Amino acid sequence: MSDSTKPVALITGGGRGMGEAIARELAAQGYLLALMSPSESCEKLAFELGGIASRGVAEKAEDIQAIFDLTMKTYGRIDAVVNHTGHPPKGDLLDITDEMWTLGSDMMILSLVRMARLVTPVMLKQGKGAFVNITTFAAYEPSLIFPVSCTYRAAAGAFTKLYSDRYAADNIRMNCILPGYIDSLNHKPETADKIPMKRIGHMEEIAKTAAFLLSDGAGYITGQNIRVDGGVTRHVEGSKK
């Protein structure tokens, strides 16, 4: 039986990189963890942090169902969800096949919808909850280098706003983090030159942002796409008249 006084966080892509960093930060803040990733990395990390794990990928509905079921069986509640997944296929824009586009949709849109369908009734019963979706700084400044990712990450932002509108009054929040160039990947040295801060971001910075957005301190923040990119994006949101 779990400690019912501690909040529970479910993290997909929670074995390595930004997912691992978020898991470590949330564990340090007192969360009980349920982790999913394609390899044994989630199991090793869960063992280290005193959590539970299930191998799986975000694009498969049965894998999302499995980690949800394990979390509820073990802890009986879910207070926070971090939707994090790997990169979809790349290629020249019109060379990308239907199968590649479908995989991207499953990874980055349907994974959010499927998780929300499962977890929302739990959060409604509890009276509160929060989601954080990890997308990309290029979601609203599309790059031909990542056409599938840019298309569906932008769609993830739209879904996030729709979900937040629907469930804000129920005290369930959903936001997106749009990371820039982060040290979860090996970037070329010259990459830092195009970033106003002149450095690559740290996974721990993404983790602390996620932890804040899941906390009561962010209780009035929902439906937002928050860029954590060292200032690399140029988009400025103006006021509407």
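Colleague: Is K198 buried or exposed, and at what relative accessible area?

Modeller: This is a predicted model, in which local features need pLDDT of at least 70 and side-chain atom pairs count only at pLDDT 80 or more, whereas totals for chains, interfaces and linings use all residues. Residues are numbered from 1 along each chain as its sequence is written, and side-chain values use heavy atoms, with hydrogens and water left out. Buried means under 20% relative accessible area, exposed over 50%, and partly exposed in between, with a 1.4 Å probe and protein chains only. K198 is therefore exposed, its relative accessible area being 53%.

Colleague: Where does K198 lie, and what is its phi?

Modeller: K198 belongs to the loop between β6 and α6 (203-214); helices (H or I, at least four residues) and strands (E, at least two) are DSSP runs, numbered from the N terminus. Most residues other than glycine have a negative phi. K198 is not a glycine, yet its phi is positive, at about 60°.

Colleague: What is the phi of N171, and is this residue buried, partly exposed or exposed?

Modeller: N171 sits in the loop between α5 (147-167) and β6 (172-179). Although N171 is a residue other than glycine, its phi is positive, near 65°. Its relative accessibility is 37%, so N171 counts as partly exposed.

Colleague: How far apart are the C-alpha atoms of P189 and I200?

Modeller: P189 is placed in the loop between β6 and α6, and its relative accessible area of 70% makes it exposed. P189 and I200 are eleven residues apart along the chain, and the separation of their C-alpha atoms is 9.1 Å.

Colleague: Which residues does S54 touch, leaving aside those up to four places away in sequence?

Modeller: S54 is part of strand β3 (residues 52-55). It has a relative accessibility of 14% and so counts as buried. With contact meaning heavy atoms within 4.5 Å, the residues that S54 touches are L35, M36, S37, C42, A66, I67 and L70.

Colleague: How are α1 and α2 oriented to each other?

Modeller: Axes are lines fitted to C-alpha atoms, for helices over the stretch in contact, and angles run from 0 to 180 degrees between N-to-C directions. The axes of α1 (residues 17-28) and α2 (residues 41-49) come within 11 Å and cross at roughly 15°. Angles under 35 degrees count as roughly parallel, over 145 as roughly antiparallel, 65 to 115 as roughly perpendicular and the rest as oblique. The two helices, α1 and α2, are therefore roughly parallel.

Colleague: How are α1 and α6 oriented to each other?

Modeller: The axes of α1 and α6 are 8 Å apart, and the helices pack at an angle of about 55°. That angle is why α1 is, relative to α6, oblique.

Colleague: How many disulfides does the structure hold?

Modeller: A disulfide is a covalent bond between the sulfur atoms of two cysteines; here it is taken as a pair of cysteine sulfur atoms within 2.5 Å. The closest cysteine sulfur to that of C150 is in C176, 14 Å away, which is too far for a bond. C150 is buried at 4% relative accessible area, and C176 is buried at 0%. The number of disulfides in the structure is zero.
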